[in-house]
Amino acid sequence: MSTVRGGEATELWLLWKRAHETVRAAVIAETTAASGLSEPELSILVRLHESGGSQRQNALAAALGWDRTRLSHLLTRMANRDYVTRDKVSNGVRVALRPEGRRMIDATLPALDAATRRHLVDRLGPDGAETLKALIDRLLLGETNS
């Protein structure tokens, strides 16, 4: 059973949004300044890197929570910059990092890690970071307290 009243729930939602946007904006500003990548390009390259270098396009769209059309247009631009390839496979398209995309994400990850530490992890401390991760995992699993 929730211990947060209606008005407090809205206040919590607004605080959550403000904290998310503040941290996200600071991390992205530092990372894009260091790499020249846009936030959407960074998101795609990180996701491909985390998945071993390739992923089906529909799974990539689902993982990012993006519309397939938006993703397709961005992937076309990224393919033109030699960051990714798109190959037709049975029942879909496989997106893979090209050497330039791998070089770019490998060069960018230290800046992303440093910015994330500075604007999120260090502010929370070790216990707070662990707690936040546990809470986010719970939210992403759709668990609720009843």
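What follows is a chat about a predicted model of one protein chain.

Colleague: What elements does the protein chain have?

Modeller: This is a predicted model, and its chain has five helices and three strands. Starting at the N terminus, the order is α-α-β-α-α-β-β-α.

Colleague: And what box do the C-alpha atoms fill?

Modeller: Roughly 50 × 35 × 20 Å, taken along the principal axes.

Colleague: How many of the 146 residues are buried, as a percentage?

Modeller: Buried residues account for 24% of the 146. The accessible surface of the chain is about 9,700 Å², and carbon and sulfur atoms make up 55% of that surface.

Colleague: What about contacts between residues at least 24 apart?

Modeller: Take the contacts between residues at least 6 apart in sequence: 55% of those join residues at least 24 apart.

Colleague: OK, helices. At what angle do α2 and α4 pack?

Modeller: About 85°, with the axes 11 Å apart. Helix α2 covers residues 39-50 and helix α4 covers residues 68-80. The two are therefore roughly perpendicular to each other.

Colleague: Which residues meet there?

Modeller: From α2 you have Pro40, Glu41, Ile44 and Leu45. On the α4 side they meet Arg70, Leu71, Leu74, Leu75 and Met78. By type, the contact of α2 with α4 has seven nonpolar residues, two charged and no polar ones.

Colleague: Staying in α2, is Leu48 buried or exposed?

Modeller: Buried. Leu48, which lies in helix α2, has a relative accessible area of 0%.

Colleague: What does Leu48 touch?

Modeller: Skipping residues up to four places away in sequence, Leu48 touches Gly53, Ser54, Gln55, Leu60, Val84, Val95 and Leu97.

Colleague: Let's go to α3. Which of its residues are buried?

Modeller: Gln57, Leu60 and Ala61 are the buried residues of α3. Looking down the helix axis, they fall within an arc of 100°, so they line one face of α3.

Colleague: What do those buried residues pack against?

Modeller: Helices α2 and α4, plus the strands β1 (54-56), β2 (84-89) and β3 (92-97).

Colleague: I'd like more on Gln57. What's its relative accessible area?

Modeller: It's 14%, so Gln57 is buried, the cut-off being under 20%. Gln57 lies in α3, which runs over residues 57-64.

Colleague: And which residues is Gln57 in contact with?

Modeller: Leaving out neighbours within four places in sequence, Gln57 is in contact with Leu71, Ser72, Leu75, Arg86, Val93 and Val95.

Colleague: What follows α3?

Modeller: Gly65, and its phi is positive, near 70°.

Colleague: Which residues other than glycine have a positive phi?

Modeller: Asn91 is one of them, with phi near 60°. Asp82 is another residue that is not a glycine, and its phi is about 65°.

Colleague: Where do those two lie?

Modeller: Asp82 is in the loop between α4 and β2, while Asn91 is in the loop between β2 and β3. Asp82 is partly exposed, at a relative accessible area of 38%. Asn91 is exposed, at 78%.

Colleague: Changing topic: where is Gly101?

Modeller: In helix α5, which takes in residues 99-141. Gly101 is buried, with a relative accessible area of 0%.

Colleague: What is Gly101 in contact with?

Modeller: Once neighbours within four places in sequence are set aside, the contacts are Leu45, Asp82 and Tyr83.

Colleague: How many Å apart are Gly101 and Glu41?

Modeller: They are 9.9 Å apart, C-alpha to C-alpha, and 60 residues apart in sequence.

Colleague: Last one: Thr69. Where is it found?

Modeller: Thr69 is in helix α4. Its relative accessible area is 47%, so Thr69 counts as partly exposed.

Colleague: And how far is Thr69 from Arg117?

Modeller: Their C-alpha atoms are 33 Å apart in space, and the two residues are 48 apart in sequence.

Notes:
Residues numbered from 1 in each chain as written. Predicted model: local features only at pLDDT ≥ 70, side-chain atom pairs only at ≥ 80, totals over all residues. Heavy atoms only, no water. Axes fitted to C-alpha atoms, helices over the stretch in contact; angles between N-to-C directions. Helix = DSSP H or I, 4+ residues; strand = E, 2+ residues; numbered from the N terminus. Parallel < 35°, antiparallel > 145°, perpendicular 65-115°, else oblique. Contact = heavy atoms within 4.5 Å. Nonpolar A, V, L, I, M, F, W, Y, C, P; charged D, E, K, R; others polar. Buried < 20%, exposed > 50% of the residue type's maximum accessible area, 1.4 Å probe, protein only. Areas by Shrake-Rupley, 256 points an atom, 1.4 Å probe, with all protein chains shown as cover. Arc of directions from axis to C-beta.
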